[in-house]
Amino acid sequence: MNQELNTPMDTKKTKTLLFVCLGNICRSPSAEAVMNAVIKKANLSSKFICDSAGIIGNHEGNSADSRMRLHAARRSYDLTSISRQFRYKTDFDKFDLIIGMDDQNIADLQSQARHEADLNKIVKMTDYCSNYKHYTTVPDPYYGGEEGFELVLDLLEDACDGLLNHLNGKI
Ligand code: 4NP
């Protein structure tokens, strides 16, 4: 018998994760890429599907911000995601967990929730940090300097590790 198929992990369905920020060109496409890398490293790619979206649709159809892509590439993350707006009518049903980057993202997502079950899916990325516990948001790097993009990646690497540890016991 295949030992891997004998674990509790294989008894439940794939987990679907949606990362959400304001524009879906900096933080959430990075979160999607970092989480995919963390999942791949743990050999769990068949157990998760990750996607990302923005509260606003201003950048719909665009690649991630070139500065964010550059900083991510330096850490070997390839940001391939194309920006799209969060769609409450389908995304709340399609995803098991909806992970906002800051308090405004969380408030905006909560305001679009249709009922309690939707609300229960909304969490904040920094809740899963262990090394960066003192951060309560992934700060928006869009109007800032290079250090902001590095901080985004530092926080996401920490939080995605924590998120996978959290979910690992639940799949
Ligand atoms: P993100 O950054 O939410 O991390 O993708 C931003 C991108 C664009 C804008 C704001 C934040 N914007 O105002 O266009």
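Predicted model: local features only at pLDDT ≥ 70, side-chain atom pairs only at ≥ 80, totals over all residues.
1. The ligand shell. The residues around the ligand are Cys21, Leu22, Gly23, Asn24, Ile25, Cys26, Arg27, His59, Asp140, Tyr142 and Tyr143. By class, this shell holds six nonpolar, three polar and two charged residues.

2. From a side chain, an N or O atom of aspartate 140 lies 3.3 Å from a ligand oxygen. The ligand alone would expose 350 Å², and the protein buries 92% of that area.

3. The largest nonpolar core. This core has 38 residues, and the members touching the most others are Leu17, Phe19, Met35, Met125 and Leu163. At least two residues each come from strand 1 (15–21), helix 1 (27–41), strand 2 (48–54), helix 2 (66–74), strand 3 (97–100) and helix 6 (146–168). The biggest contribution is that of helix 6, with 11 residues. In soluble globular proteins, nonpolar side chains tend to be buried together.

4. Phenylalanine 19. Beyond its neighbours within four places in sequence, phenylalanine 19 is in contact with Ser28, Ala31, Glu32, Met35, Cys50, Asp51, Ser52, Ala53, Ile99, Met101, Met125 and Leu163. Met35, Met125 and Leu163 are also among the core members that touch the most others.

5. The second core. A separate core of 11 residues includes Leu18, Ile55, Phe95 and Leu109.

6. Aspartate 91. This residue lies in helix 3 (residues 88–94). Aspartate 91 counts as buried because its relative accessibility is 0%, where the cut-off for buried is under 20%. Its side chain makes a polar contact of 2.8 Å with the side chain of arginine 84. Leaving out residues up to four places away in sequence, aspartate 91 touches Leu18, Arg84, Gln85, Phe86 and Ile98; Leu18 is a member of the second core.

7. Aspartate 118. Helix 5 (residues 116–119) contains aspartate 118. With a relative accessible area of 1%, aspartate 118 is also buried. The side chains of aspartate 118 and arginine 114 are joined by a polar contact of 2.7 Å. Apart from residues up to four places away in sequence, aspartate 118 touches Phe92 and Ala113.

Definitions and conventions
Residues numbered from 1 in each chain as written. Heavy atoms only, no water. Near = heavy atom within 4 Å. Polar contact = N/O pair within 3.5 Å; in protein donor to acceptor, adjacent residues only side chain to side chain. Areas by Shrake-Rupley, 256 points an atom, 1.4 Å probe, with all protein chains shown as cover. Nonpolar A, V, L, I, M, F, W, Y, C, P; charged D, E, K, R; others polar. Core = buried A, V, L, I, M, F, W, Y, C linked by side-chain atoms within 4.5 Å. Buried < 20%, exposed > 50% of the residue type's maximum accessible area, 1.4 Å probe, protein only. Helix = DSSP H or I, 4+ residues; strand = E, 2+ residues; numbered from the N terminus. Contact = heavy atoms within 4.5 Å.
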